[in-house]
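The sequence and model are shown first.

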Amino acid sequence: MTATSPIEATDPSGSPAAPAPRRRPFGLAAATALVMGNIIGGGIFALPAAVAPYGTVSLLAFAVLSVAAVLLALLFGRLARRSPVTGGLYVYPRDAFGPFAGFLSAWSYWTMCWVSIAALAVAVVGYVDVLIPLHGNHALEGAVALAALWLPAAANFAGTRWVGVVQVVSTVLKFVPLLLVATIGLFFVDADNFGPFNASGDSAPGALAAAAALLLYSFLGVESAAVSAGEVDDPGRNVGRASVLGTLASALVYILGTVAVFGLVPHDRLVDSGAPFADAVNAITGGSWGGTAMALVAVASITGCLNGWILLAAQMPYAAARDGLFPKPFATVGGGGVPGFGVWAVAVLGSLLIALNYTAGPDTTFRVLVLITTFTGCVPYLLSAAAQLYWLARGTRERVRPAGLVRDLVVAALSFAFSFWLIAGAGYAAVYQGVLFLFAGIPVYVWLRGRRREETPEAAQA
């Protein structure tokens, strides 16, 4: 069985029926902006400082992750041709391995989404503080974080068309300034600023894996077009294109931007920098206005990122709820085409985490939950790659194109290997805690499946 969007259905044989004609809000440009907007969030503004302790081996880690992200984009494009419907990373494992695998993928992805949404909202506070000093007032900081979360949520309530508009505008606002820094900054690079290749004290492979695990969070979002495939025009064609184009553009900004910052800010200063891109701009201009300019870009960037992530966090459980694998309210869709209950759910859960962060302090459960997003984000990637390998192994002509068999096999196998490597690189603590968080969803699955079997005879009798 293939998951369906509100106006998509399956024929009696279980194959996807042709979708009803309609004008979908995401064309290729909007879908590409959705991918870029979700990948390039607040992380890019802090990443150079976060990976500086590992040395310039981090640049190699960026290159490796960029290749992995492009492979995942190709994988999702191929899978979207088979199941061009909303829910992507839930649909693929469910079609291949059954409802339990689909539920685990949906639960893991949903968990990663709403925890990440809270983390992004908190990240806004640091940049707002540059523009309007908050003087360490936790009440004000919490209010700013909540506003950063609920304003994009309001855009989602307005409908998917507004989500697409916000994504395009916010992506341009952040992409152009970041690209200017990443290109113009290269002319001011000083080779002496780069520091050692491996500054971690660990082996080079160990430092590479550790840096890659930390950097993985910056590439979450490559699946955005696949998750929203039901809202994309000609998804069988445009999901793959948008995924690859958005990922390549994001990787270009990441790599060039990090190289520029590494070469503009001395290594010993970069390790302790709270605003590495602002420091880089100051090094280019010789002034102090860079912090304000980059803070404005960062606020626009993170707001746009939240806008897209809230939509994805609502659409994944929506697809699962239509199959009875998530509570029924998640399947309700508002007049604007957005699963309204799903938006409310992630906004409320994110608000609770924000409140926890500003009442219990930084070294709390909130930080622990943020750490496991690497694991919970990779589980759906791993299951989706396994699903593609499953269909390739079956080898039926309606599932696999013989001419592209070798290409699809290489893409799927490498995507699986990269996902497995990244899960291992997340560290023992993150994997341990992530598994517990993942398995916490099993009682939900058991209850929903049990209720569904109870209701089946009654429905048949009626």
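The model is predicted. Trp 107 and Trp 110 share helix α5, where a spacing of three residues, about one turn of the helix, separates them. Both Trp 107 and Trp 110 are buried.

## An aromatic pair across the sequence

A pair of aromatic rings is described by the distance of the centres and the angle of the planes. The structure holds 16 aromatic pairs. In one of them, Phe 103 and Phe 326 have ring centres 6.0 Å apart and planes at 45°, a tilted arrangement. Phe 103 belongs to helix α5 (residues 99-131), whereas Phe 326 sits in the loop between α13 (290-322) and α14 (340-360), so this pair ties together parts that are 223 residues apart in sequence. Phe 103 and Phe 326 are each buried.

The pair of Trp 107 and Trp 110 also counts as tilted, because the ring centres lie 5.8 Å apart and the planes stand at 55°. The cut-offs behind this term are 30 degrees, under which planes count as stacked, and 60, over which they count as edge-to-face.

## Packing of α8 and α17

Helix α8 (residues 204-215) packs with helix α17 (residues 405-425) at an angle of about 95°, and the axes are 8 Å apart. Helix α8 is therefore roughly perpendicular to α17, since angles of 65 to 115 degrees fall in that class.

From α8, the residues Ala 209, Ala 212 and Ala 213 meet Trp 421, Leu 422 and Gly 425 of α17. By class, the contact of α8 with α17 comprises five nonpolar residues, one polar residue and no charged residues. Gly counts as polar in this scheme, and Gly 425 is one of the residues on the α17 side.

## The chain as a whole

The protein chain has 19 helices and zero strands. It contains 462 residues, of which 55% count as buried. Among contacts between residues at least 6 apart in sequence, 82% join residues at least 24 apart.

Conventions. Residues numbered from 1 in each chain as written. Predicted model: local features only at pLDDT ≥ 70, side-chain atom pairs only at ≥ 80, totals over all residues. Heavy atoms only, no water. Helix = DSSP H or I, 4+ residues; strand = E, 2+ residues; numbered from the N terminus. Buried < 20%, exposed > 50% of the residue type's maximum accessible area, 1.4 Å probe, protein only. Contact = heavy atoms within 4.5 Å. Phe/Tyr/Trp six-rings, centres within 6.5 Å; stacked < 30°, edge-to-face > 60°. Axes fitted to C-alpha atoms, helices over the stretch in contact; angles between N-to-C directions. Parallel < 35°, antiparallel > 145°, perpendicular 65-115°, else oblique.
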